[in-house]
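Colleague: Could we go through this model together, beginning with the overall fold and then turning to one residue?

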Amino acid sequence: MVRGAGGVRPGAQAPRLAVGLIRVLIAEQGQSGLGLEAQRASIRSFVAAQGWMLVVDYSDIASGKDDRRPGFQAALSRSRQLDAVLVAAQLDRITRRAHTLSQLLEDGSPSALPTCLTRTT
């Protein structure tokens, strides 16, 4: 059931939940907001086009080689908790480590499978 302004509609499916992950490498990109905001806008647009609901997005200003990034860890945890899709603007925004990506794919949980889009700017 879906709760909306008009109440509950029997038989209606709730939209798929999504958790966004945004990452820039250097502080200047993060401070300017250009890198972060461009990725955030891409994610929001993609999620809306799919008919999903973006629950939250997390961001990191760090190398994609570091899997201990707080935003990355929080996004993974939240997407698993909610059984939500993890969405990033590009695959390398999630990780630059093939081993990490392989682990996500082998996890077997649909929420662990990242969905990426290619930014067109």
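Modeller: The discussion below covers the chain as a whole and then a single position.
This is a predicted model, in which local features need pLDDT of at least 70, side-chain atom pairs count only at pLDDT 80 or more, and totals for chains, interfaces and linings use all residues. Residues are numbered from 1 along each chain as its sequence is written, and side-chain values use heavy atoms, with hydrogens and water left out.

Colleague: How many helices and strands does the protein chain have?

Modeller: There are five helices and six strands, taken as DSSP runs (helices: H or I, at least four residues; strands: E, at least two) numbered from the N terminus. Their order along the sequence is β-β-β-α-α-β-α-β-α-α-β.

Colleague: What share of the residues is buried?

Modeller: Of the 121 residues in the protein chain, 39% count as buried, meaning under 20% relative accessible area with a 1.4 Å probe, protein chains only.

Colleague: Turning to Thr 95, where is it found?

Modeller: Thr 95 lies in the loop between helix H4 (91-94) and helix H5 (98-106).

Colleague: Why does Thr 95 count as buried?

Modeller: Thr 95 counts as buried because its relative accessibility is 6%.

Colleague: Which residues does Thr 95 touch?

Modeller: Leaving aside residues up to four places away in sequence, Thr 95 touches Gly 64, Asp 67, Thr 100 and Leu 101, a contact being heavy atoms within 4.5 Å.

Colleague: What joins the side chains of Thr 95 and Asp 67?

Modeller: The two side chains are joined by a polar contact of 3.4 Å. Such a contact is a pair of N or O atoms within 3.5 Å; within protein, one must be able to donate a hydrogen and the other to accept it, and residues adjacent in sequence count only if both atoms are side-chain atoms.

Terms used: Buried means under 20% relative accessible area, exposed over 50%, partly exposed in between (1.4 Å probe, protein chains only).
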